[in-house]
Amino acid sequence: MNKEQQAIARLQLAAEMSETYYHAPLVITTSGGKDSDVCLTLARAAGIRYEVQYNHTSVDAPETIYHVRETFRRLENEGIKCTVNLPTYKGARVTMWSLIPQNLCRQLALCDTAAPFSKNRAAKAA
């Protein structure tokens, strides 16, 4: 048995376990990268029931987002459920920018080391 056949057999077993224990299709997560695309291709070749999830980090490269959107569009046209999970903190939607304390940005702007050419530093040097 070659590696592709072995991977397909493992996916079929995992899908069978998901159906048996959870009464739901196997969930395959994707990062939008080439390895994830291989996993999705193997799942299709295995002929199993599966869903796909993508965890959006809010700092992903635009090209990755475009690729995930196109992949999800194709999969949904084939009848496969696709879900994008957005980041949350304490139940609220967040981005990397919303996690930075507001006063930290103001403090850094006033700090001499963060702004070596600021008016404040120039005045001290004179």
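Helix 1 and helix 2 (residues 34-46) pack with their axes 9 Å apart, at an angle of about 75°; axes are lines fitted to C-alpha atoms, for helices over the stretch in contact, and angles run from 0 to 180 degrees between N-to-C directions. The two helices are therefore roughly perpendicular to each other (angles of 65 to 115 degrees). The model is predicted: local features need pLDDT of at least 70 and side-chain atom pairs count only at pLDDT 80 or more, while totals for chains, interfaces and linings use all residues. Residues are numbered from 1 along each chain as its sequence is written, and side-chain values use heavy atoms, with hydrogens and water left out. Helices (H or I, at least four residues) and strands (E, at least two) are DSSP runs, numbered from the N terminus. In helix 1, E4, A7, I8, L11 and Q12 meet C39, L42, A43, A45 and A46 of helix 2 (contact: heavy atoms within 4.5 Å).

Y21 lies in helix 1 (residues 3-22) and is exposed, its relative accessible area being 60% (exposed: over 50%, with a 1.4 Å probe and protein chains only). Together with L13, M17 and Y22, Y21 forms a nonpolar surface patch of about 520 Å² accessible area.

Key: Patches are made of residues with over 30% relative accessible area and no salt bridge: like charges are joined within 9 Å, nonpolar side chains (Val, Leu, Ile, Met, Phe, Trp, Tyr) within 5 Å. Accessible areas come from the Shrake-Rupley method with a 1.4 Å probe; for residues, only the protein chains shown count as cover. A salt bridge is a side-chain nitrogen of Lys or Arg within 4 Å of a carboxyl oxygen of Asp or Glu. Buried means under 20% relative accessible area, exposed over 50%, partly exposed in between (1.4 Å probe, protein chains only). Angles under 35 degrees count as roughly parallel, over 145 as roughly antiparallel, 65 to 115 as roughly perpendicular and the rest as oblique.
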